[in-house]
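This briefing is meant for someone meeting the structure for the first time. Please look over the sequence and the model below before reading on.

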Amino acid sequence: MEAQKEKTTIVLFSGDLDKAIAAFIIANGAAAYDHDVTIFFTFWGLNTMRKDEIVKVNKGFLEKAFGWMMPRGAKKLGLSKMNMMGMGPEMIKHVMKKHNALTLPQLIELAQEQGVKLVACTMTMDLLGLKQEELLDGMEYAGVAAYLGDATQARVNLFI
C-alpha cells in the first residue's frame with residue numbers, strides 16, 4: 001500500500017508582491033518534496049491570479065470600481081514595505097533578475113506544472129466583483145469549506 005502524501009496548504013490573503021513570491025516559493029518547494037499543495041487565494045491575494053489584460057465581463061458600477069482600483073495580475077503588485085511610489089517592486093525585480101531568481105509569473109507557472117492546487121475563494125470573488133474569466137486559467141473555485149477540508153488533512157498550514 002502506498003504511503004499517504006504529506007499535505008501543505010497556504011492561504012494567500014495578501015496582495016503584496018513580496019508575500020506572494022514567498023507563498024509561491026514555499027508552495028513550489030513543498031511540491032518538489034512531493035507534498036500535495038493547495039494555495040487558497042482570498043481578498044487581496046486574488047489579485048495575484050488576475051489576468052494582465054482587461055477581460056470584458058458584465059459588472060455593476062461598484063464591481064467595476066473595485067476592478068479599476070486593484071492591481072491586475074502578478075506583474076502589477078506592490079511591496080508590503082518600501083513600495084516607494086512603485087519604484088520598490090521594480091528594484092526587487094531587478095535584484096531578482098541579477099540573482100537569476102524566478103519572477104512571480106514564472107513561480108506561478110512552475111506551481112501549475114507541479115500540480116499545485118490553486119483555489120480562488122468564491123465568496124471573496126463575489127464581494128470584490130471578480131469573475132472567473134478575469135483569473136488565470138487552471139484555477140479551481142471553492143469556498144472556505146473546501147479549504148478547511150484540505151487544511152484539516154495538512155501538517156503544514158500557512159496564512160500569508
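Which residues do ring pairs link into a cluster? In this model, which is predicted, the cluster consists of Phe13, Phe43, Trp44 and Phe159, joined by ring pairs.

**The chain as a whole**

- The protein chain holds six helices and five strands, and from the N terminus on these elements follow one another as β-α-β-α-α-α-β-α-β-α-β.
- Its radius of gyration is 16 Å, which agrees with the value near 15 Å that a compact globule of 160 residues would have, while the C-alpha trace spans about 55 × 40 × 25 Å along the principal axes.
- Of the 160 residues in the protein chain, 40% are buried.
- Among contacts with a separation of 6 or more, 73% are made by residues 24 or more positions apart.

**The sheet**

- Five strands form an open sheet in the order β4-β3-β2-β1-β5, and their pairing is parallel.
- The edges are taken by β4 (140–142) and β5, and because each has a single partner strand, one side of each is left without a neighbour in the sheet.
- From one strand to the next, the twist averages 20 degrees.
- Six bridges join β1 and β2 in the parallel sense, and threonine 8 has valine 37, in β2, as its bridge partner.

**Helices packed on the sheet**

- Helix α1 (residues 17–32) packs on the sheet and touches β1, β2, β3 and β5, with a direction that makes about 170 degrees with that of β1.
- Helix α6 also packs on the sheet, where it touches β1, β2, β3, β4 and β5, and its direction makes about 145 degrees with that of β1.

- Within α6 (residues 144–151), the buried residues are Tyr147, Asp150 and Ala151; they lie on the same side of the helix, because they cover an arc of only 100 degrees around its axis.
- The cover over these buried residues of α6 includes the strands β1 (7–12), β2 (36–41), β3 (117–121) and β5 (156–159).
- In helix α4 (residues 104–113), Leu104, Leu107, Ile108 and Ala111 are buried, and since the arc they cover around the axis is only 100 degrees, they too fall on the same side of their helix.
- An α-helix has 3.6 residues a turn, so residues three or four places apart point the same way.
- What covers the buried residues of α4 includes α1, and just after α4 comes glycine 115, which takes a positive phi of about 80 degrees.

**Aromatic rings**

- Five aromatic pairs are found when the whole structure is searched.
- In one of them, phenylalanine 13 and phenylalanine 43 have ring centres 5.8 Å apart and planes at 50 degrees, so this pair is tilted.
- The pair links distant parts of the chain, 30 residues apart, with phenylalanine 13 in the loop between β1 and α1 and phenylalanine 43 in the loop between β2 and α2 (61–69).

Note on methods. Residues are numbered from 1 along each chain as its sequence is written. This is a predicted model: local features need pLDDT of at least 70, side-chain atom pairs count only at pLDDT 80 or more; totals for chains, interfaces and linings use all residues. Side-chain values use heavy atoms; hydrogens and water are left out. Buried means under 20% relative accessible area, exposed over 50%, partly exposed in between (1.4 Å probe, protein chains only). Helices (H or I, at least four residues) and strands (E, at least two) are DSSP runs, numbered from the N terminus. The arc is that of the directions from the helix axis to the C-beta atoms. Contact means heavy atoms within 4.5 Å. Two strands pair if DSSP finds at least two bridges between them. Axes are lines fitted to C-alpha atoms, for helices over the stretch in contact, and angles run from 0 to 180 degrees between N-to-C directions. Rings of Phe, Tyr and Trp (its six-membered ring) pair if their centres lie within 6.5 Å; planes under 30 degrees apart count as stacked, over 60 as edge-to-face and the rest as tilted. The radius of gyration is taken over C-alpha atoms; the globule rule is 2.2 Å times the number of residues to the power 0.38.
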